[in-house]
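Please read them with the model open.

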Amino acid sequence: MTDKTIYRRLRAELEALEQEDLYKRERIITSPQSGEIRVALDGKEQPIINLCANNYLGLADHPDIIAAAKATMDEYGYGMASVRFICGTLDLHRELESAIANYLETDDAILFSAAFDANGGVFEPLLTAEDAIISDSLNHASIIDGIRLCKAKRYRFENSDMTDLRAKLEEAASAAPRSIVIATDGVFSMDGYVANIPELRRLADAYDALLLVDDCHATGILGPEGRGTAAHFGLRADIITGTLGKSLGGAAGGFVAAAQPVIDLLRQRSRPYLFSNALPPMLAGGALKAIALARAGDDLREKLSQNTQRFRSGLRGAGFRLLDGEHPIIPVMLDEARLAQDFANRLYELGVYVSGFFYPVVPMGKARIRVQMSAALSSEQLEHAIVVFTRAGRELGVIA
Ligand SMILES: *Cc1c(COP(=O)(O)O)cnc(C)c1O
């Protein structure tokens, strides 16, 4: 059975990944997601400070969200056993879609099982070969896949390079497309850089284009009430795609929020919506509570911001090389994949959990540790983490 040629090739590919230090290993967690978690280390459970979850507001184990999810499960059962349009739409789904639209100030919203599906299913129903999509080179994999699934003409501009965007808009416009969509991440997940929404908005309007912003790393964090990247600049995106799997409780689910005709057509034609199961009731119930907490969470955003500033200044002071920014994504640059892995492993042994990122997730030679701050982290935990970073950095010759 396992001596078919394909298995030999797959094993060779896996070995090559190991040899190039590009093999990803999953660590096993035995507690709820939080600022401090438990992991199995040296055969026993140990506490560890967690600096790599997307748990920005610390809501992943919030008692009110857990209570809301439990109450929803008691009332509505476990699952819908249907897609939305057959017999899977609950009053709760519509309530959550309205809550998202209300939060993000759009006409309406539509739920998906994940933001990956939202991005995978947002382009194809709206655009055909007569249209054009202009996409930032560092956009999330799910946007890239969504664009691949759509027949519109594709253009790619260099990350946040507005001169290049204008050139690509000119090029697209010269083919006289029916419609143009500009697609960008609100915050680029590997760098923590915030998209230049003012210029994106201006150019989109100048070319009668729609601006789509994937705000997975911004919803709940940036702007008034955490309404996201455009709101942070006092502006609006035309289409916002987002996740319930990061700041908004961290469970699962995605959405598109936009003008009514966009949402209505997605409900008719978006394939991941039509051909995949409805969001489980408990996730809808939990997400409703999470959105309410995020909207009211100025204290959490303040804590998150203080933690981010403290950790940045602590690591800078110790001599680490960071990418600039204010977002809770803090990239610590190590360049080589091997070093990023060794560094992450050493921190892990010392009780601090981070993840190394390397090719193909980031460019060759730009390997890094991506620290993610959370409002769940106490200042004692942060100070301890800085001490541990400094120790491991000296041991591995990253800092003097
Ligand atoms: C995490 C992420 C996604 C995927 O979100 P899921 O809900 O986990 O599928 C999509 N886009 C961006 C920019 C992300 O960071």
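1. First, a term. Helices here are DSSP runs of H or I with at least four residues, numbered from the N terminus. The model is predicted.

2. Start with the second largest pocket. Its volume is about 380 Å³. The lining consists of 16 residues. Nearest the centre lie Leu-222, His-232, Glu-326, His-327 and Pro-328.

3. Which helix gives the most to this lining? Helix H13, residues 298-318, does, with five residues. By type, the lining has six nonpolar, eight polar and two charged residues.

4. Where does the second largest pocket lie relative to the domains? It lies between domain 1 (26-57 + 298-395) and domain 2 (63-295), because both give residues to its lining.

5. Now look at Gly-58. This residue is in the loop between strand S2 (44-50) and helix H2 (63-76). Is Gly-58 buried or exposed? Its relative accessibility is 13%. Buried means under 20%, so Gly-58 counts as buried.

6. Leaving aside residues up to four places away in sequence, Gly-58 touches Ser-374 and Ala-376. Leu-304 is 246 residues from Gly-58 in sequence, yet the C-alpha to C-alpha distance is 9.0 Å.

7. Last, helix H8, residues 197-206. Its buried residues are Ile-197, Leu-200, Arg-201, Leu-203 and Ala-204. Just after H8, Asp-208 has a positive phi of about 55°.

How values were computed. Residues are numbered from 1 along each chain as its sequence is written. This is a predicted model: local features need pLDDT of at least 70, side-chain atom pairs count only at pLDDT 80 or more; totals for chains, interfaces and linings use all residues. Side-chain values use heavy atoms; hydrogens and water are left out. On a 1 Å grid over the protein atoms alone, a cavity is a set of points where a 1.4 Å probe fits but cannot get out, and a pocket is an open set with protein on both sides within 12 Å along at least five of seven lines; lining residues have an atom within 4 Å of a point. Grid points are joined across faces, edges and corners, and a volume is the space filled by probe spheres set on the points. Helices (H or I, at least four residues) and strands (E, at least two) are DSSP runs, numbered from the N terminus. Ala, Val, Leu, Ile, Met, Phe, Trp, Tyr, Cys and Pro count as nonpolar, Asp, Glu, Lys and Arg as charged, and the others, Gly among them, as polar. Domain bounds come from an automatic or database domain assignment. Buried means under 20% relative accessible area, exposed over 50%, partly exposed in between (1.4 Å probe, protein chains only). Contact means heavy atoms within 4.5 Å.
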